[in-house]
Amino acid sequence: MTGISRRGLLRGSVAGAVTVVGGAASAGRASAAGINPSVAGEAAHVRALRKALDDAAAGVVGPHGVDDKGRIIVKAGYAGVPTYTLLNTLIIGANTVLDGTGARFVAKFGTVTKRYTLDRTNQHSPSPEYATDGQGTFGAPAVSGARAATMLLNHVPSGTQGYSAPGNIMVKGGEWDPISAYVWNDSGPARARADKAPPMNVLTFTHTEDVEVEGVTVWNVKWWHAVELNAVRRGAVRDCFFKGWVENPTWGLWQGEAVQLDLPLSGNTWAGAHDGTPTVDVQVQRNYAGASGSQPSWAKLVGSHTGGEKVGQVHARVLIEGNVVDGAKWDAIGAMNTTDIVVRDNTINNSVGGVYVSSVSARRFTQPPVQVGANPVSGVDIIGNRVTVTAGASGASRNAVRVSADTVGFVSPVSDVEVTGNEVSGGGFYYTPHVTFRPGTTPQR
C-alpha cells in the first residue's frame, strides 16, 4: 500500500487515507496467540479481555464480528461494566479493534523507586517543589514487572524492524487513566505531583502500520505521552480528548506532547529493534488538549522532539488539522524532524506558543551528542490557524508561528514553506536563516 501523497494532505482527502487491505497482517496470526501476559491478581473481566485480544490476534472471530477493514472487534464496554484495572501492559495484536466505548481503564502497575535528576536548565511551570539531594536527584516510582511503562502496546515479535510488526489495529473509545489508582487518597503537593504514580504512556504503537486511535479520552498522564506513534506507517489519531498532564521535571517542556511522533533509538525503543525507523503518513485531526479538573494542560498537543542517529531518519507526510488546544505550556503544535507537514485550521487558545516546525540534524545521542549530518526538511504548510499566545507560568515567551532550520553541527535547511491565512494574537511570526519559501508565495509576517 502506498503512502499518502502531499497533494492528498493539502486537498484534505484524509477521511479514507488510512485504509487497510483486510488480512494485510495475517502473517503474524499464527504466532500471535497468547500475546497477553497472564497477570496474577487481575479481575476475571480483565483476564477475559486479554483472552479476547489473544483470540483476535490469532484470527478467531468473536461475538462482535469483523469490521469493514477486516479487523476482529473486541468490545470492552457493556452494561454495568466495572473499571478495567490493569496490573500489566495490555497487548493488542493484528487485525483487531479494541472498542472501549463505555469502559474505563486504570493502571495499577507494580513500581520500584528510581532516582531522577531535576532539570534546571530549561523553563518550567511552578509546581510543588521536589526535594533533591546534593546532586539534584530525587526518588520517585518507576514501573516494575510490567512489559513496558504503557497501558497498551501493540504485539511486537522479538527483533522486529521497520514497520513489520503485525498491524491493522484500532483503539476506539473508552476512558484511560494512568494515575488515579496511585493518587486517589493523596492531597496537596503529593497529589499535584502524582508522587506515587510512575511516569507512563497510555497508548503506544511501534514498528507497525495501519493504526487508528479514535474517540478515546485520556486523563492526567504523568510526564510522558497519551499516544505515541513510534516507527508507525499510516497512523491516525482522531476525535480524542487529552485532559490534564503532570509536568515532567526532568526534561524541558518541549518534550510534553499528548501525541508524540517518535522513532526507536537506543533510549526510547518500546519493543523490537532500535533502528531509527521514522513515523510516516499520519493524520492528527479534530482532537482536544487542555486541562482536567485536577491537572493543568499539556505542553503540546502534537509533535516530535527526537532526531534520528542517521541521515534520512526523518518523519514524513503528517497532517495536523482541525484540533483545539487550550492553555498549552509550550508550542501547542511542535513538529521537529518532520518533512512534508501540513498544519491547517487548528485553534490554539491562550498558549505559551503556537505552531513550531524545525529540522533536526542527525546526531548520535552520546553525551554530548555527536553530529552526524544534515537532515533537510522540505514541504511545510501552515495555513489558516487561529493562535492566541499568552505568557505562561514558566516565564517562557514563544512565537505564534515559527519555522527554524537547525544549524548545530550541520545546516539542515527547511525549504518549500508556505505560511498564510493565520490569525494570531499576542505573538508574531519568526523564520530563521536557511528557511526558504515556496515560489510565488509571500510569507505571513
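**Salt bridges, backbone geometry and a covered strand**

With a relative accessibility of 1%, D281 counts as buried, because the limit for a buried residue is a relative accessible area under 20%. In this predicted model, D281 belongs to strand β16, which comprises residues 280–285, and its backbone carries a positive phi of about 60° although the residue is not a glycine. A positive phi is also found at H207, another residue other than glycine, where the value is near 55°. H207 is part of strand β11, and its relative accessibility of 0% places H207 among the buried residues.

A further feature of the backbone concerns a peptide bond. The bond that leads from Q367 to P368 is cis, with omega near -5°. P368 is located in a loop, namely the one between β25 (362–364) and β26 (370–373).

Strand β11, which spans residues 201–214, also contains E209, whereas R233 lies in strand β13, made up of residues 227–238. The side chains of E209 and R233 form a salt bridge, with a distance of 2.7 Å from N to O. As for accessibility, E209 is buried, with a relative accessible area of 18%, while R233, with a relative accessible area of 29%, is partly exposed. Salt bridges with shared partners also link D67, K69, R71, E212 and R238 into one network. Within this group, R71 pairs with D67, and the closest N and O atoms of that salt bridge are 2.8 Å apart. R71 counts as buried, since its relative accessibility is 3%.

Another salt bridge is made by R115 and D133, whose closest N and O atoms are 3.3 Å apart. R115 lies in strand β6 (residues 111–117) and D133 in the loop between β6 and β7 (137–143), so this pair ties together parts that are 18 residues apart in sequence. R115 counts as partly exposed, at a relative accessibility of 47%, and D133 is likewise partly exposed, with a relative accessible area of 32%. In total, the structure holds 25 salt bridges, among them the pairs of R71 with D67, of R115 with D133 and of E209 with R233.

Strand pairing can be followed around strand β24, which consists of residues 353–358 and is mostly covered, with six of its six residues buried. Strand β21, formed by residues 331–336, is joined to β24 by five bridges, and these two strands run parallel. In this pairing, I333 stands opposite V355 of β24. Strand β24 is also joined by four bridges to strand β29 (residues 401–404), and this pair of strands too runs parallel. Here V355 stands opposite V401 in β29. V355 therefore has a facing residue in each of the two pairings, I333 in the one and V401 in β29 in the other, and it belongs to a strand whose six residues are buried. In a regular strand, the side chains alternate between the two faces of the sheet.

Note on methods
Residues are numbered from 1 along each chain as its sequence is written. This is a predicted model: local features need pLDDT of at least 70, side-chain atom pairs count only at pLDDT 80 or more; totals for chains, interfaces and linings use all residues. Side-chain values use heavy atoms; hydrogens and water are left out. A salt bridge is a side-chain nitrogen of Lys or Arg within 4 Å of a carboxyl oxygen of Asp or Glu. Buried means under 20% relative accessible area, exposed over 50%, partly exposed in between (1.4 Å probe, protein chains only). Two strands pair if DSSP finds at least two bridges between them.
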